[in-house]
Amino acid sequence: MDKIRVLLVEDEPTLAMIIKDTLDGEEFEVILAANGEEGLSRYREAKPDIIVTDIMMPKIDGFGVLEQLEKAKVQVKSLIVSALYRDQIVAQAMSRGVSFFMPK
């Protein structure tokens with residue numbers, strides 16, 4: 001059985017490693033990116049099945065990543081894990097096709 005490839009775009013190294021260590025295993029392969037720019041590059045290289053991204057990051061934020069993928073007509077499941085948990089932010093995420101929004 002093929003592993004589900006997860007691109008984790010998170011600028012907080014400790015949290016990124018906790019999520020990676022939790023998911024990595026028989027079912028998931030986790031690819032790390034430390035910011036949105038790196039996330040887009042890793043997406044092009046790895047073509048993951050799922051993207052998990054923070055919103056507030058250097059270079060390109062999480063919404064910028066989703067916008068770039070949308071412009072490229074990429075259809076990929078996306079989840080946001082963010083400390084920015086306000087109705088307006090969640091609504092904006094969902095309008096961009098985010099499947100799940102989880103507060104940090």
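Helix α2 (residues 36-46) and helix α3 (residues 62-71) have axes that come within 9 Å and cross at roughly 35°, where axes are lines fitted to C-alpha atoms, for helices over the stretch in contact, and angles run from 0 to 180 degrees between N-to-C directions. This is a predicted model, in which local features need pLDDT of at least 70 and side-chain atom pairs count only at pLDDT 80 or more, while totals for chains, interfaces and linings use all residues. Residues are numbered from 1 along each chain as its sequence is written, and side-chain values use heavy atoms, with hydrogens and water left out. Helices (H or I, at least four residues) and strands (E, at least two) are DSSP runs, numbered from the N terminus.

- The contact (heavy atoms within 4.5 Å) is made by Gly36, Leu40 and Tyr43 of α2 together with Val65, Gln68 and Leu69 of α3.

**Sheet**
- Five strands form an open sheet in the order β2-β1-β3-β4-β5, with parallel pairing, where two strands pair if DSSP finds at least two bridges between them.
- Because β2 (28-33) and β5 stand at the edges with a single partner strand each, one side of each is left without a neighbour in the sheet.
- Strands β4 and β5 pair in the parallel sense over four bridges, and Val81 stands opposite Met102 in β5.
- Helix α4 (residues 87-95) packs on the sheet, where it touches β4 and β5, and its direction makes about 150° with that of β5.
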